[in-house]
Amino acid sequence: MNSKLEDLGKAGRDLLVKRDGPLTRELLLKPGQFGLGRLPSRLAAEQTTTMICGFCSTGCGLNLLLKGGEAVGLMPATDYPVNLGMACPKGWEALTPLRSPGRATRPLVRRSGRMVEVSWEEAIFEMVDRFKAIQEKHGTSAVAWLGTGQMVTEELAFLGALGKFGMGMQHGDGNTRQCMATAAVAYKQSFGFDAPPFTYKDFEESDVLVFVGANPCIAHPIMWERVCKNPHNPAIVVVDPRKTETAMAATHHFAVRPKGDLVLLYTLANLLIEKGWVDQAYVDAHTSGFAEYAAHVAKFTLADVETTTGIAPERVEQLAKLIHEGKRVSLWWTMGVNQSHEGVRTAQAIIALALMTGNMGRPGTGANSITGQCNAMGSRVFSNTTNLLGGRDFTNEAHRAEVANTLGIDAAHIPSEPSLAYDQIVEAILAGKIRGLWVVATNPAHSWINQAHLHDVFKRLDCLVVQDMYHDTETAQLADIVLPAAGWGEKEGTFINSERRIGVVKRVCRAPGEALADFHIFQLIAEAWGVGDMFREWTSPEAVFQILKRLSKGRPCDITGVVDYEALDRAGGIQWPLPEGETLADNERRLFEDGRYFTDDQRAKFLLAEPRPLPEPVTPAYPLLLLTGRGSSAQWHTQTRTKRSEVLNKLAPRELYVEVSNSDARALGVKPDELVNVVSQRASVQARAFVTNSVKAGEVFMPMHYETMNRLTFAAFDPYSRQPAYKACAVKITKINEVD
Ligand SMILES: Nc1nc2c(c(=O)[nH]1)N[C@H]1C(S)=C(S)[C@@H](COP(=O)(O)OP(=O)(O)OC[C@H]3O[C@@H](n4cnc5c(=O)[nH]c(N)nc54)[C@H](O)[C@@H]3O)O[C@H]1N2
Ligand SMILES: Nc1nc2c(c(=O)[nH]1)N[C@H]1C(S)=C(S)[C@@H](COP(=O)(O)OP(=O)(O)OC[C@H]3O[C@@H](n4cnc5c(=O)[nH]c(N)nc54)[C@H](O)[C@@H]3O)O[C@H]1N2
Ligand code: SF4
Ligand SMILES: [Mo]
């Protein structure tokens with residue numbers, strides 16, 4: 001061990017050899033030294049503190065009740081502009097998953113097939129030695145990482161900077177690829193920057209709201225509450241193949257055929273143009289490419305619309321009329337659009353409707369992508385994966401120089417190519433090009449598309465490091481090294497929500513055992529890797545926040561005017577942008593009020609494509625189309641967190657189920673609650689039949705929260721965003737006792 005310590009910089013040496021003892025959390029927790037957070041020193045005397053919820057991107061404010069600086073309970077914040085006193089079950093139960101026996105409390109290393117507990121020192125050096133050995137033999141890009149939209153921005157930026165600039169990795173991506181890549185690319189191409197334009201107030205200010213492939217009643221319940229507060233008796237349109245909870249609460253439901261959206265949106269555009277229902281003044285002043293778009297959509301006529309979309313022509317006319325007559329029309333989309341083989345162009349067809357009807361930049365309008373995870377927006381701007389820090393481009397030399405100058409590093413450390421996308425990283429592992437993988441705060445062995453393939457691929461890795469709050473996740477179980485991480489509530493930093501609002505999270509609980517904040521794990525790895533000097537200024541999340549401010553300077557996401565965490569807290573969160581010198585007159589702001597976009601000519605672009613057939617259409621052998629998504633407001637993704645709460649467990653089914661229409665169930669002879677096989681060309685899994693009219697004949701739905709579900713899905717991707725098309729593949733249902 002001593003010889004290895006020789007390789008460390010001075011600070012790392014101090015860190016690791018202090019008192020000649022092993023590297024323990026006590027050493028790291030020395031107050032002030034590593035800026036772990038405000039526990040107990042800063043919050044000890046307080047009775048309550050506020051912070052942001054760590055599940056979905058709504059970003060609700062919570063009031064934490066403290067005793068001796070530690071949280072003993074929580075309530076939704078009444079004065080936070082996002083949630084106005086409301087929270088969903090996950091928010092109310094947010095503290096429970098922290099106290100679970102499944103928590104990873106000590107680093108683990110696989111020895112002769114078994115995971116054994118080791119010291120931090122041993123785990124970190126094992127990782128560093130093995131990754132370095134891989135890089136020496138196979139090149140620096142033979143090690144990659146998969147990150148997340150569920151860590152604070154300061155940690156995301158640290159991981160991204162450490163991975164690429166410090167450890168020389170070329171490839172790092174994250175679960176935001178599974179989620180927001182389509183919206184990010186669509187905005188970037190159309191608006192010149194990945195900039196969701198809305199503020200939640202728009203939910204209350206519209207007279208027509210159109211939700212495409214979004215089920216906010218389940219996935220964003222507090223955003224839905226904001227819709228319910230709308231005083232204008234709005235028309236609420238839901239475009240979703242299923243009659244979801246949101247569709248039931250809406251005024252109009254369009255049960256589009258899966259991935260019929262693009263044709264539906266083009267037909268709508270054509271109809272609006274034909275009828276002269278276009279805001280030509282807006283189009284002329286603020287957009288480009290409309291003539292080509294109009295020519296393109298001309299062939300999508302009412303006569304053909306029903307065949308592809310399943311929506312009758314008169315209903316399409318009705319929708320066009322609603323949009324035309326609306327004074328303030330807002331269009332919202334989520335995973336029903338993003339997770340598609342043609343997601344980017346579908347999102348842009350939504351953007352096109354908003355542009356051509358002049359529904360941008362005014363209250364209650366916008367082409368609005370709702371994000372997913374608590375910090376999906378933070379990861380889009382600062383994770384240094386697809387984009388260079390601050391929403392810049394790796395391929396742009398000037399951008400690389402800006403980042404190098406701001407961080408005081410040599411520009412040669414910054415890759416000049418963007419990373420491979422998630423699916424390409426998986427394929428590079430298969431090809432033997434990537435041999436070391438570091439998975440941080442995501443659970444691909446459950447959530448990635450086509451699981452059998454992924455499991456097979458992960459087994460080929462020379463070294464898989466998993467950094468997670470729990471030691472028992474599906475991915476941690478495959479790991480060679482597990483690094484135990486502190487979770488939300490056990491560390492501090494900021495999240496950026498769906499409306500671009502930056503909010504603070506705080507340390508109100510002690511992490512169990514030796515679990516460390518991801519931030520500190522990154523510090524240790526930087527030291528052990530020998531690049532601690534590059535991160536001398538990265539002493540605490542709050543110090544990194546100041547670095548992020550500098551990185552944002554002059555960018556559309558400029559936050560140089562946000563002083564610090566305290567200012568964020570005082571304001572009730574602050575939306576980007578807020579450049580230095582500007583004061584926050586209104587804390588619910590939307591973008592593009594002046595009609596100027598971030599493209600070179602300041603115009604928003606109309607972009608288009610030919611609709612393409614489903615990657616895996618149904619066949620006589622696999623006659624049902626499988627849709628997947630969120631099952632209940634009490635379940636979060638792969639359930640590593642929510643399943644630890646008895647309260648949440650009572651609110652959702654414990655077993656995998658499949659929603660089947662009455663007519664399909666009847667034809668198959670399947671009874672309600674019967675255990676059936678759901679079979680795709682890749683796997684067969686068992687599920688309880690939930691016979692319901694919320695799905696149409698020929699379609700079935702399964703929630704993503706159960707381990708086996710993604711064995712069925714078919715790996716297809718959007719060509720521009722490389723986001724997986726989780727929401728359509730061909731399956732059949734067989735009875736358990738049936739031999740097939
Ligand atoms: N309770 C809970 N809330 C969550 C999450 C969670 O795990 N649990 N996850 C968060 C995250 S990360 C995300 S990304 C969001 C996701 O939020 P949503 O996107 O709203 O949720 P999903 O259920 O994935 O998908 C939305 C709808 O798309 C529909 N759909 C499927 N195919 C199509 C299609 O071809 N066209 C159209 N128009 N619709 C289609 C599905 O039927 C589904 O109802 O939720 C966030 N909130
Ligand atoms: N079939 C199907 N599959 C899907 C989807 C779908 O609609 N259908 N949706 C996709 C979408 S939109 C998403 S976003 C993904 C989500 O997929 P994942 O990201 O894989 O899902 P999570 O369960 O949220 O995994 C987060 C992991 O991070 C850990 N964790 C939480 N907080 C911290 C922290 O602070 N530090 C560390 N180190 N670890 C932490 C949790 O314990 C958990 O293991 O799933 C995708 N998969
Ligand atoms: S809606 Fe989202 S942010 Fe709000 S309490 Fe629920 S999970 Fe947390
Ligand atoms: Mo997501």
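On this tour, a residue is near a molecule if one of its heavy atoms lies within 4 Å of it. Keep in mind that the model is predicted.

**Stop one: ligand 2.** Select ligand 2 and the 34 residues around it; Asn175, Asn443, Ser447, Asp468 and Thr638 come nearest. Now look at the polar contacts. A polar side-chain atom of Ser447 is 2.6 Å from an oxygen atom of the ligand, and a backbone N or O atom of Ala441 lies 3.3 Å from an oxygen atom of ligand 2. Pick Tyr726 too: an N or O atom in its side chain is 3.4 Å from a nitrogen atom of ligand 2. Taken alone, ligand 2 exposes 920 Å², and the protein buries 99% of that.

Next, color the shell by class: it has 11 nonpolar, 17 polar and six charged residues. Strand 15 (463-468) and strand 21 (624-629) each supply at least two residues of this shell. The space that ligand 2 takes is the largest cavity.

**Stop two: ligand 1.** Which residues are closest to ligand 1? Select Ala219, Asp240, Lys259, Asp261 and Gln635, the closest of the 34 that surround it. Asp240 places a polar side-chain atom 2.7 Å from an oxygen atom of ligand 1, while Asp261 has one 2.7 Å from a nitrogen atom of the ligand. The protein buries 100% of the 910 Å² that ligand 1 exposes when taken alone.

To finish, show domain 2 (181-369) and domain 3 (624-735): both give residues to the shell around ligand 1, so ligand 1 lies between them.

Definitions and conventions: Residues are numbered from 1 along each chain as its sequence is written. Chains are lettered from A and ligands numbered from 1 in the order in which they are written. This is a predicted model: local features need pLDDT of at least 70, side-chain atom pairs count only at pLDDT 80 or more; totals for chains, interfaces and linings use all residues. Side-chain values use heavy atoms; hydrogens and water are left out. A polar contact is a pair of N or O atoms within 3.5 Å; within protein, one must be able to donate a hydrogen and the other to accept it, and residues adjacent in sequence count only if both atoms are side-chain atoms. Accessible areas come from the Shrake-Rupley method with a 1.4 Å probe; for residues, only the protein chains shown count as cover. On a 1 Å grid over the protein atoms alone, a cavity is a set of points where a 1.4 Å probe fits but cannot get out, and a pocket is an open set with protein on both sides within 12 Å along at least five of seven lines; lining residues have an atom within 4 Å of a point. A molecule sits in a cavity or pocket if more than half of its atoms lie within 2 Å of its grid points. Helices (H or I, at least four residues) and strands (E, at least two) are DSSP runs, numbered from the N terminus. Ala, Val, Leu, Ile, Met, Phe, Trp, Tyr, Cys and Pro count as nonpolar, Asp, Glu, Lys and Arg as charged, and the others, Gly among them, as polar. Domain bounds come from an automatic or database domain assignment.
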